[in-house]
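Biologist: Could you take me through this complex? I would like to begin with how the chains meet.

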Protein chains: 2
Amino acid sequence: MLLHMAEFDGPLTSDALAGMMQTNPVVIRRILAGLRKEGLVHSEKGHGGGWRLAKDLESVTLYDIHLALGAPGVLALGHRTEAPGCLVEQAVNSAMGEAFDAAEALLLSQFQQITLASLSRDFHQRLDQRGITQQALSEAAHMRNCSDGDD
Amino acid sequence: MLLHMAEFDGPLTSDALAGMMQTNPVVIRRILAGLRKEGLVHSEKGHGGGWRLAKDLESVTLYDIHLALGAPGVLALGHRTEAPGCLVEQAVNSAMGEAFDAAEALLLSQFQQITLASLSRDFHQRLDQRGITQQALSEAAHMRNCSDGDD
DNA sequence: TTTCATGTAACTTACATTATTACATGAAAT
DNA sequence: ATTTCATGTAATAATGTAAGTTACATGAAA
Ligand code: FES
Ligand code: FES
């Protein structure tokens, strides 16, 4: 969503973003409220209002976004009990905990190395590959132009 | 659960296991049915029936169990669309997909190196540390003996 | 002062997981 | 044989979490 905002010239309303993401405007506001708290986006009310990126693409990593979203757990697995009395469970938690921590650390360290700028570069490369010449990219019809027509 | 079965001399019923795990017997049967299909456990009906380990502790890894449980996804994150038309999303999927794959591969590779035997050794070490001499471990009251009394 | 857009709380829906009920199957004890 | 015990499995119910929706307040521009 942030990258689409980056391509778009001017603020985007929750309504417009909800249309792109095929969801409800309030859901968008809820999500972006978190990002605003971390200074990633900026919002304005009233006429001509909407959402705008507040930082340079180069300075925002997926990890920053992860944190802004509340650092939700990245693993689908977890301990059944955090501090079990059962010694078997303690042994299991200990061994699996190390594995969990290592996997999570690896994932987040990679997130730290993926900037919005790098994603944007990849995006523009894909645009060129498709031979898309249109400047229509910074228009509201954005989403519809680039989709394969699925849906 | 498998490790508790390993400590216990004789078959354990779904009822007993459900008591240990604080859940319903049918849930236990459903889970163990998957493990039986992969030859990890064996079940017998009727009097004196129940569940028993079918393999050596040394030969079973957490990865084996993971597979037997149907190899559920280990990550809480995933792609919004698998093959999106949107080029931004393609770029995001590509970058995040690599990170996902690496993290998942790391986690599963660690699972492959954790055997039930290694967990059992850790368990017995913890037993010793606690100075538990009782052979009551292979009795039905097992769960209650070792818990800290929480719940 | 009307229109537009965010800000937020409250509520509803939808979904996936887990738990329960019910009954069939099969094996051992009596 | 028949009772008891235990698994096997389908069907249903309950639960918990995430997503979506409604409603209305706030603030800014036309
Ligand atoms: S790049 Fe996402 S719709 Fe155009
Ligand atoms: S080791 Fe788990 S209850 Fe005794």
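Modeller: First a term: a polar contact is a pair of N or O atoms within 3.5 Å; within protein, one must be able to donate a hydrogen and the other to accept it, and residues adjacent in sequence count only if both atoms are side-chain atoms. This is a predicted model, in which local features need pLDDT of at least 70 and side-chain atom pairs count only at pLDDT 80 or more, while totals for chains, interfaces and linings use all residues. Residues are numbered from 1 along each chain as its sequence is written, chains are lettered from A and ligands numbered from 1 in the order in which they are written, and side-chain values use heavy atoms, with hydrogens and water left out.

Biologist: What area is buried between chain A and chain B?

Modeller: About 3,600 Å², with 73% of that area given by carbon and sulfur atoms. Buried area is the accessible area (1.4 Å probe) that two parts lose on being put together, summed over both. A:Leu87, A:Val88 and A:Arg126 supply 17% of what chain A buries against chain B, more than any other three residues.

Biologist: Which helix of chain A gives the most to the side that touches chain B?

Modeller: Helix 5 of chain A does, with 17 residues. Helices (H or I, at least four residues) and strands (E, at least two) are DSSP runs, numbered from the N terminus. That side of chain A divides into 28 nonpolar, 7 polar and 7 charged residues. Here Ala, Val, Leu, Ile, Met, Phe, Trp, Tyr, Cys and Pro count as nonpolar, Asp, Glu, Lys and Arg as charged, and the others, Gly among them, as polar.

Biologist: On to the DNA. Which residues come nearest to DNA strand D?

Modeller: Of the 22 residues around DNA strand D, they are A:Thr23, A:Arg30, B:Ser14, B:Arg29 and B:Arg36. A residue is near a strand if one of its heavy atoms lies within 4 Å of it. Sugar and phosphate account for 61% of the atoms of DNA strand D that come within 4 Å of the protein.

Biologist: What does the side chain of A:Arg30 approach on DNA strand D?

Modeller: An N or O atom of the A:Arg30 side chain is 2.7 Å from a base nitrogen of DNA strand D. A polar side-chain atom of A:Arg30 also lies 3.3 Å from a base nitrogen of DNA strand C. For A:Thr23, a side-chain N or O atom is 2.7 Å from a phosphate oxygen of DNA strand D. A polar backbone atom of A:Gly46 is 3.0 Å from a base nitrogen of DNA strand D.

Biologist: And which helix gives the most to the surface near DNA strand C?

Modeller: Helix 3 of chain A, with 4 residues. The side chain of A:Ser43 has an N or O atom 3.0 Å from a phosphate oxygen of DNA strand C, and for A:Trp51 the corresponding distance to a phosphate oxygen is 3.3 Å.

Biologist: How do the residues of that surface near DNA strand C divide by class?

Modeller: There are 5 nonpolar, 10 polar and 7 charged residues.
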